[in-house]
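Visitor: I have a structure open and a few quick things to ask. Can we go through them one by one?

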Amino acid sequence: MRLLSYMGQWKSAAKEVLDRTAIVAKFLCLLHVTNNYLCSPTLVYGPSMLPTLNLTGDVVLAEHVSHRIGKVGRGDLVLVRSPVDPRRILTKRVVGMEGDTVCFYVDPMYSQTTVVPKGHVWIQGDNTYASSDSRHFGPLPYGLIQGKVFFRVWPPDGFGTLEQ
Amino acid sequence: MLPTLNLTGDVVLAEHVSHRIGKVGRGDLVLVRSPVDPRRILTKRVVGMEGDTVCFYVDPMYSQTTVVPKGHVWIQGDNTYASSDSRHFGPLPYGLIQGKVFFRVWPPDGFGTLEQ
């Protein structure tokens, strides 16, 4: 008789464990889908986007919907996978879309003009003196864009949308 | 990609783990996002990795040699006469690789792993 009551307790305890595990698993799945396909926070750091983004690191929100439906345009801050190191993700601004004529300074005395080919974008950091961007590695294939940055969360005095 | 893959459509299995851990190499069949049209995904073979020297024929009389830059791969279709690949749009950034094809499911007489 005591064995039957122990089995009853174990069954209810096991059911509770499974329920809670299911809740955690569903939460993690929802978090994964949201992070990859909707919106995710990202820590960005580096000098290439001064003064828009700080040197020591900002936490920004990036949405992953626009680039899939083709709504990335000039002046947008985007997260892109680096064409030089595929494990790095850069934050730059889209300066030219496909078909645009882009004029950039190779050195202070000499400017060059290129047409952005089909399926590519031209990205540049806001801090042109300390940015490695399309002026160095050429136009970037649109497929390397990972998301669009639209909001800054940290530091608190920078909380708010980022100006275009 | 004739004769490896059929003209009228094959169903293949592609795994999405290898390219994230850097295990894509020469001779692999990969799914890549096209650099010309970002909504299209192509199936090609990796012929050269970064740092390799690739020799390709621009036309039947003239061959050209290029070095694949860092962070890029050189892809070519098996059917060189009817393939738009790195010989036309240049080396492809590694980040555009979406997965590696390793198995064919349909048609039934082609069921099995794809030869390298």
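Visitor: How many residues of chain B are in contact with chain A?
Guide: This is a predicted model. In it, 11 residues of chain B make contact with 11 residues of chain A.

Visitor: How much area do chain B and chain A bury between them?
Guide: About 970 Å², with 68% of that on carbon and sulfur atoms. On the side of chain B that touches chain A, six residues are nonpolar, three are polar and two are charged.

Visitor: How many salt bridges across the interface of chain B and chain A?
Guide: Zero, by the rule used.

Visitor: And how many residue pairs in polar contact there?
Guide: Two across the interface of chain B and chain A, both at pLDDT 80 or more.

Visitor: Let's take one residue, B:Lys70. What is B:Lys70 in contact with, leaving aside its neighbours in sequence?
Guide: Setting aside residues within four places in sequence, B:Lys70 contacts A:Pro83 and A:Val84 in chain A, and B:Glu50 in chain B.

Visitor: Where does B:Lys70 lie in chain B?
Guide: In the loop that runs between strand 5 (62-67) and strand 6 (72-76). The C-alpha atom of B:Lys70 is 6.5 Å from that of B:Gly51, although 19 residues separate the two along the chain.

Visitor: Why does B:Lys70 count as exposed?
Guide: Because its relative accessibility is 51%, and exposed means over 50%.

Visitor: Which feature does UniProt place on chain B?
Guide: An unreviewed UniProt entry gives "domain: Peptidase S26" at residues 1-59 and 61-106 of chain B.

Visitor: What are helix and strand like over residues 1-59 of chain B?
Guide: Residues 1-59 of chain B are 0% helix and 42% strand, with 19 Å between the end C-alpha atoms.

Visitor: And how far apart are the end C-alpha atoms of residues 61-106 of chain B?
Guide: They are 39 Å apart, and residues 61-106 of chain B are 9% helix and 50% strand.

Visitor: Over to chain A. Where is A:Ser131 found?
Guide: A:Ser131 sits in the loop between strand 7 (120-124) and helix 2 (134-137) of chain A.

Visitor: Is A:Ser131 buried or exposed?
Guide: Buried, because its relative accessible area is 7% and the cut-off for buried is under 20%.

Visitor: What does A:Ser131 touch?
Guide: Not counting residues up to four places away in sequence, A:Ser131 touches A:Ser48, A:Lys92, A:Gly125 and A:His136. With A:Gly125, a polar atom of the A:Ser131 side chain lies 3.3 Å from the backbone nitrogen.

Note on methods
Residues are numbered from 1 along each chain as its sequence is written. Chains are lettered from A and ligands numbered from 1 in the order in which they are written. This is a predicted model: local features need pLDDT of at least 70, side-chain atom pairs count only at pLDDT 80 or more; totals for chains, interfaces and linings use all residues. Side-chain values use heavy atoms; hydrogens and water are left out. Helices (H or I, at least four residues) and strands (E, at least two) are DSSP runs, numbered from the N terminus. Buried means under 20% relative accessible area, exposed over 50%, partly exposed in between (1.4 Å probe, protein chains only). A polar contact is a pair of N or O atoms within 3.5 Å; within protein, one must be able to donate a hydrogen and the other to accept it, and residues adjacent in sequence count only if both atoms are side-chain atoms. Contact means heavy atoms within 4.5 Å. UniProt positions are given in the numbering used here, feature names are shortened, and annotations may be inferred rather than shown by experiment. Buried area is the accessible area (1.4 Å probe) that two parts lose on being put together, summed over both. A salt bridge is a side-chain nitrogen of Lys or Arg within 4 Å of a carboxyl oxygen of Asp or Glu. Ala, Val, Leu, Ile, Met, Phe, Trp, Tyr, Cys and Pro count as nonpolar, Asp, Glu, Lys and Arg as charged, and the others, Gly among them, as polar.
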